[in-house]
Amino acid sequence: MQRRSALLLGLWLTLIFGGVHAGNGAQTVWSGLVIANNVSKPEPPSPELTYLEETLKDWFGYNQYKVIGQSRKVLVTGSEDWLAQSKYFSLHIDSKEGNDKTGYRVNLKLFQESNLLLEWEAKLSKERPIIVKGPQVGDGQLLLLLVVQ
Amino acid sequence: MKTFEEKWTAWIDDELTGRDLAEFEASLPDLAAAEAEKRDAQKLGAFLKEHLPCRAMGNEEFFQHQLRERIASETAVPTSQGAGGGRVWWPIGRLVWVGATALAIFAGVTFFVMRENPATDQSQYLSQILNARVDPVVSPNATITMFESKEDKVTVLWTEGLRSLPSEYASK
């Protein structure tokens, strides 16, 4: 009886501290390559873009936003690198050490195949997306999005 | 009403008198044997008094105190303090219930605190573009502008003059 109670207590403590640790721990960064254009029958945006749809329309004026490449990265150490890519574009993201409560420092490079088109450094805050207007592609526009979820 | 043992002890000590004495001696099955036993007991008592005098205790108060404390601890309702003032461990069952209660209180307080501060989930700072550049060979006329929109809560890096690409580059 006593052993069972002790086990139960231990389990509770594990759950509590595990939950607290998980709550304070890693965050996910979603990065996406998006083609914006005007079409007669626009498709609904992907779930990652739903809450940004109106903002994107206000800024860029297109009626359809289609994800052509994306990645979702869980930041554990804060010093990690990853890639979001489509058939012709790739976005290299390098998270630097020295992150603090105000956000993650990241280095980003947009490649069109092997050509470096754009490079920038940013401090990414939670639920405060960065939107980058890329090159014109056909009758649309390449956009790059980064969101700490 | 005295028991037989009490009457027997009193008879041995010559404390029964009158009617009690007569009734008790009448109840004995063998008065002669009882008288013999009484004499032996009195002899033994006299012998012990003579040869084993009661020693005076040097620390009588201490032992009396110990006895009183022991009796009090055995008769009193159990508390969290032991007889000697030392802490008595709670049983595991009670610890578990206290833990569960503490958890419930913690969960309740956390719920109310989180409900009162929902904005803490979002950063109060906008994301920032610290620096940016385009490849001057690939896009010699490109320009970069940065916007931070507090209204939309987004940061926008606006480029102009990047080399346009054909529509096939829009494929996944």
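1. Among contacts in chain B between residues at least 6 apart in sequence, what percentage join residues at least 24 apart? The figure is 28%, where a contact requires that the C-beta atoms of two residues, placed from the backbone, lie within 7 Å.

2. This is a predicted model, in which local features need pLDDT of at least 70 and side-chain atom pairs count only at pLDDT 80 or more, while totals for chains, interfaces and linings use all residues. Residues are numbered from 1 along each chain as its sequence is written, and chains are lettered from A and ligands numbered from 1 in the order in which they are written.

3. On confidence, the model has an ipTM of 0.81 and a pTM of 0.57. The average pLDDT of chain B is 83, and 86% of its residues score at least 70; pLDDT is the predictor's confidence in each residue, from 0 to 100. Where pLDDT is low, the predicted coordinates should not be read in detail.

4. Chain B contains five helices and three strands, in the order α-α-α-α-α-β-β-β from the N terminus. Helices (H or I, at least four residues) and strands (E, at least two) are DSSP runs, numbered from the N terminus. Of the 172 residues of chain B, 6% are buried, a residue being buried if 20 or more other C-beta atoms lie within 10 Å of its own, exposed if 12 or fewer, and partly exposed in between, with C-beta atoms placed from the backbone.

5. The expected span is 1.5 Å times one less than the number of residues.

6. Helix α4 (residues 60-75) of chain B, with 16 residues, should span 22 Å, and its end C-alpha atoms are 23 Å apart, which agrees. α4(B) is also hardly covered: its count of buried residues is zero.

7. At the interface, 44 residues of chain A are in contact with 37 residues of chain B. The elements of chain A that give two or more residues to this side are α1 (2-24), α2 (53-60), β2 (64-75), β6 (115-124) and β7 (130-137). The most come from β6(A), with ten residues.

8. The two chains also share strand pairing: β7(A) and strand β3 (residues 154-160) of chain B pair in the parallel sense over three bridges, pairing being at least two DSSP bridges between two strands. A:Val132 stands opposite B:Leu157 in β3(B).
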